[in-house]
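Here's a quick tour of ring contacts and charges over rings. Have the viewer open and follow along.

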Amino acid sequence: MKDSSSNSLSQEQADNFIKAPKYLVSDHQTTKYNFAQLSESVNFDLSDRISEEKYVLDINRRRIELTKNTFQNRVRRDIILVRLDTQDDIRHHKNPDGEKIYGSHIHIYSERYNDKQAYPLTKIGIDDGDNYFEMLLKFLNFCNIRDLNIINDEGLFNDTTG
């Protein structure tokens, strides 16, 4: 069920976008953020410093449920390359082939399913005992997002400059 929209990528393009080193654009480099609190969300503009491609890192904890988090890396504004969803183990994601992935999971772009296919978090080295901040750091590493020492794990997003 490949998405036939103009927002589709070849698998080679998607793999290259995921592997490309990505860095914060200058607008974010002077602000420090604490890791997201329950109702907070932040988006970071990224660049690979080589091409004209622009990326976005989204960190979203704006849900009422304490266990719901979404970390995603996008390219070309709206193409999701990688998305990590945390949720209770009783909830599941249903893949296009009908397979159910229970609990937290990772979506990795595929030419066939775009971002609809999910996998267990172990696919990118996340362990059951990892907390949300550790998951975020491993997600950033998998997506090759660099220079994100502006995020710490003190519990909420704040501008700590000035």
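## Charges over rings

Lys22 sits over the face of Tyr55, 5.1 Å from the ring centre. Lys123 does likewise with Tyr119, at 4.8 Å from the ring centre. To count, NZ of Lys or CZ of Arg has to be within 6 Å of the ring centre and within 35 degrees of the ring normal.

This is a predicted model: local features need pLDDT of at least 70, side-chain atom pairs count only at pLDDT 80 or more, and totals for chains, interfaces and linings use all residues. Residues are numbered from 1 along each chain as its sequence is written, and side-chain values use heavy atoms, with hydrogens and water left out.

## Phe17 and Tyr55

Searching the whole structure turns up two aromatic pairs (rings of Phe, Tyr and Trp, the last by its six-membered ring, with centres within 6.5 Å; planes under 30 degrees apart are stacked, over 60 edge-to-face, the rest tilted). Phe17 and Tyr55 are edge-to-face, because their ring planes meet at 80°, with centres 6.0 Å apart. The pair links distant parts of the chain, 38 residues apart: Phe17 is in helix 1 (residues 11-19) and Tyr55 in strand 4 (residues 54-60). Helices (H or I, at least four residues) and strands (E, at least two) are DSSP runs, numbered from the N terminus.

Phe17 counts as buried at 10% relative accessibility, and Tyr55 does too at 1%. Buried means under 20% relative accessible area, exposed over 50%, and partly exposed in between (1.4 Å probe, protein chains only).

## Phe71 and Phe139

With centres 6.2 Å apart and planes at 55°, the Phe71 and Phe139 rings make a tilted pair. Phe71 is in strand 5 (residues 69-75) and Phe139 in helix 2 (residues 132-142), so the pair ties together parts 68 residues apart in sequence. Phe71 is buried at 0% relative accessible area, and Phe139 is buried at 0%.
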